[in-house]
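I opened my notebook to look up a few features of this model and to write down what I found.

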Amino acid sequence: TGLGSGIASIATGGNHTCAVTTIGALKCWGYNYYGQLGNGTDTDSLVPTGVAGFAGSDAPGVPSGLITSSSGSSVTLWWVAPTSGSAPDTYMIEAGSAPGLSDLARVSTGTAATTFSASGVAAGTYYLRVRAGNASGIGAPSNEAVLVVGGGDGCRVAPGSPRSLTATGSGSSVTLSWNAPSGGCAPDTYVIEAGSAPGLSDLANFSTGTAATAFSASAAAGTYYLRVRALNSWGIGAPSNEVALIVVGGP
């Protein structure tokens with residue numbers, strides 16, 4: 001229905017609102033769809049998303065303090081309600097396969113409660129954020145939390161990246177030590193990579209055969225660029241930081 005000066009409201013049949021706020025700029029927001037018509041003659045479809053697409057001036061602020069936990073295939077999220085903007089009447093959970101993404105799930109909780117639980121969640125690593133929503137739109141995302149879901153039969157993902165690798169040498173003897181990964185499932189063993197230049201593994205690439213976070217060996221004289229990866233039956237994780245070690249003696 002035209003409202004004058006190029007302003008119009010449009011009935012879309014869903015739980016959302018659309019308005020032409022300037023000539024040729026149609027924006028829609030709500031809990032089921034979002035979309036935008038860019039030039040006044042375009043007929044782009046609204047896209048179902050499970051979250052609101054465009055924030056209005058009275059949208060809620062940013063939730064904070066998001067934390068997560070999992071037990072088998074069941075997960076629980078908690079967060080703190082926004083302290084700015086209008087009061088939310090629902091929250092939107094975003095889950096991605098990498099930081100900043102929402103390619104795995106975008107779900108409305110349908111309630112103003114600041115906790116959310118789900119069961120039957122597939123095993124994997126999820127990068128999670130929560131947004132607050134109301135009839136005017138959806139606010140900015142909370143902090144991002146990483147959640148590892150092991151599934152009902154135990155943990156089923158590769159380990160994360162080992163941390164804080166250090167290397168020392170004395171004659172031909174070298175010792176590497178590191179911290180276990182903080183993400184993914186527990187490693188069964190670690191893989192040592194050694195290269196003649198940064199990023200290479202042309203000098204050595206082998207498993208330690210243990211979950212211990214230290215390794216000692218003898219090495220020929222030379223310069224080694226070293227990394228360590230964590231390995232379990234579900235795969236191998238990303239490499240640790242790289243360190244350079246000069247061995248001055250050798251067999």
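This is a predicted model: local features need pLDDT of at least 70, side-chain atom pairs count only at pLDDT 80 or more; totals for chains, interfaces and linings use all residues.

Residues are numbered from 1 along each chain as its sequence is written, and side-chain values use heavy atoms, with hydrogens and water left out.

Entry on the sheet. I looked up strands (DSSP runs of E, at least two residues, numbered from the N terminus) and found an open, antiparallel sheet of 3 strands in the order 6-7-10. Strand 6 (64-71) and strand 10 (115-118) are its edges, since each pairs on one side only; pairing requires at least two DSSP bridges between two strands. Strand 6 and strand 7 (residues 74-80) are joined over 6 bridges, and Ser71 stands opposite Ser74 in strand 7.

Entry on the cores. A nonpolar core is a set of buried (under 20% relative accessible area, 1.4 Å probe, protein chains only) Ala, Val, Leu, Ile, Met, Phe, Trp, Tyr and Cys residues joined through side-chain atoms within 4.5 Å. The largest one has 15 residues, and Leu176, Trp178 and Leu226 have the most contacts inside it. Strand 19 gives the largest share, 4 residues. I also noted a second, separate core of 14 residues, which includes Trp79 and Ile93.

Entry on the serine. Ser164 lies in strand 14 (residues 163-170) and has a positive phi of about 60 degrees although it is not a glycine.

Methods. Buried means under 20% relative accessible area, exposed over 50%, partly exposed in between (1.4 Å probe, protein chains only).
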